[in-house]
Amino acid sequence: MAIMRGGGFVTVQQHIIDEQEDNSIAHSGEFSWLLSAITLSTKIIASYVRRAGLVDVLGEAGSVNIQGETVQKLDLIANDTLKRTLGYRGNVGVIASEEDDEAKVIADPSKGKYIVMFDPLDGSSNIDANVPVGTIFTVMQRQEGETHVDQSVLQPGHKQLAAGYVVYGSSTTLVYTTGQGVHMFTLDPQFGAYLLVRENLRIPEHVNQYSCNEAYLHTFPKGYQSYLEWAKDQEGGNCSMRYIGSLVADFHRILLKGGVFLYPPTQKNPEGKLRLLYEANPLAFIAEQAGGGASDGVGRVLDRQPSALHERTPLIIGGKQNVEEVLGFVKKHG
Ligand code: AHG
Ligand code: MN
Ligand code: MN
């Protein structure tokens with residue numbers, strides 16, 4: 001149900017302004033202006049996702065991106081939409097996307113104070129099957145005296161000013177944090193506005209459920225294999241399993257209901273498959289703000305010093321105790 005305040009709904013712009021007393025990025029009103037580019041983009045993307053099959057947005061775009069992945073038409077539509085709307089905001093100086101080879105400088109540091117990085121469409125292999133997909137974004141401060149854009153782009157995740165995602169599922173749901181808790185909004189198609197439905201979300205500390213693509217089980221490092229054997233054992237973890245194959249949808253379920261998502265190193269992706277800067281970092285910021293945890297199997301995701309824009313990382317993310325449970329096996333068995 002939408003939360004009512006002062007006799008009315010609370011939109012995401014209003015929520016940010018309410019937050020702005022004690023919050024740097026929200027304070028200047030700049031974040032609500034910047035976020036309005038993202039909310040506008042996701043409404044446009046949602047309109048295409050909802051009409052997939054009726055309009056020509058399904059299937060492959062006929063190219064391969066820097067990740068070596070076949071690009072879907074909706075990947076490009078989402079990417080172009082976000083770049084166009086963020087480009088007009090004036091306070092965004094650098095844009096980086098999973099779909100583009102390099103970060104793009106669109107304004108000098110004096111005007112373009114913020115960097116926005118995003119996965120325009122996460123889970124794109126699921127689009128044609130009508131399975132939930134999403135958009136993931138993160139906002140960082142441009143570095144003073146930047147001589148090369150990498151100085152601003154390659155910052156550790158704990159420097160994020162804001163992070164969020166939109167899941168295009170049974171409803172279009174926005175979740176974001178600016179470091180003051182995790183808040184959730186649902187797009188009301190009648191108003192065309194994101195309305196507040198949950199505030200200060202907390203991930204349940206421990207739930208007997210894991211989320212992992214076990215097709216690669218035999219190429220996981222030993223520690224992950226022993227965790228999964230234990231988790232399945234009724235005398236052990238006695239877990240159930242859910243796996244959608246769209247990170248943003250698997251994470252959203254865990255944010256609301258608990259459990260743990262793990263994408264370990266594999267033979268195909270020895271560094272892990274998921275991208276540090278615009279998949280793992282934003283979700284790790286949200287997970288920690290909701291009382292959960294996020295690790296790369298060695299340390300805290302948010303402490304990792306990135307060395308490349310499209311750097312990949314293993315990811316263990318979810319309820320605090322669930323994450324510690326996995327790490328216990330990973331650290332013991334390597
Ligand atoms: P993207 O569509 O942005 O490339 O991301 C896909 C990712 C992530 O959404 C999901 O968790 C993972 O790929 C699924 O990988 P597998 O198909 O190897 O399970
Ligand atoms: Mn993705
Ligand atoms: Mn993607």
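Colleague: Strand 19 first: which way do the residues of strand 19 point?
Modeller: Leu315 and Ile317 point one way, while Ile316 and Gly318 point the other way. All of these residues are buried, where buried means under 20% relative accessible area, exposed means over 50%, and partly exposed is in between (1.4 Å probe, protein chains only). Strand 19 covers residues 315-318, and strands here are DSSP runs of E with at least two residues, while helices are runs of H or I with at least four, both numbered from the N terminus.

Colleague: Before we go on, what kind of model is this?
Modeller: It is a predicted model, in which local features need pLDDT of at least 70, side-chain atom pairs count only at pLDDT 80 or more, and totals for chains, interfaces and linings use all residues. Residues are numbered from 1 along each chain as its sequence is written, chains are lettered from A and ligands numbered from 1 in the order written, and side-chain values use heavy atoms, with hydrogens and water left out.

Colleague: Thanks! Back to strand 19: which strand is joined to strand 19 by 4 bridges?
Modeller: That is strand 15, and the two run antiparallel. Two strands count as paired if DSSP finds at least two bridges between them. Within this pairing, leucine 262 stands opposite isoleucine 316.

Colleague: And how many bridges join strand 17 to strand 19?
Modeller: There are 3 bridges between strand 17 (residues 293-295) and strand 19, again with the strands antiparallel. Here glycine 293 has glycine 318 of strand 19 as its bridge partner.

Colleague: Let's switch to the metals. What coordinates the manganese ion (ligand 2)?
Modeller: Asp119 (OD), Asp122 (OD) and Glu279 (OE) do, at 1.9 to 2.1 Å. Donors are N, O and S atoms within 2.8 Å of the metal (3.2 Å for Na, K and Ca), and sites may look incomplete as water is not among the atoms. Along the sequence, the donor residues of this ion are spaced D-x2-D-x156-E. Aspartate 119 sits in strand 7 and glutamate 279 in helix 8 (residues 276-289), so this pair ties together parts that are 160 residues apart in sequence.

Colleague: Is glutamate 279 buried or exposed?
Modeller: Glutamate 279 counts as buried, with 0% relative accessibility.

Colleague: What about the manganese ion (ligand 3): which residues coordinate that one?
Modeller: Glu98 (OE), Asp119 (OD) and Leu121 (O) coordinate the manganese ion (ligand 3), at 2.1 to 2.2 Å. Their spacing along the chain is E-x20-D-x1-L. Two of these residues have buried positions: aspartate 119 has a relative accessible area of 0%, and leucine 121 has 1%.

Colleague: Aspartate 119 keeps coming up. Which ions does aspartate 119 bridge?
Modeller: Aspartate 119 bridges the manganese ion (ligand 2) and the manganese ion (ligand 3). The two ions are 3.7 Å apart.

Colleague: How is strand 11 joined to strand 12?
Modeller: Through 5 bridges, with strand 11 (residues 182-188) and strand 12 running antiparallel. Aspartate 188 stands opposite alanine 193 there. The hairpin of these strands has 4 residues between them, and glycine 192 takes a positive phi near 70°.

Colleague: And which strand is joined to strand 9 by 6 bridges?
Modeller: Strand 10 (residues 172-177), which runs antiparallel to strand 9 (residues 162-168). Tyrosine 168 has threonine 172 as its bridge partner in strand 10.
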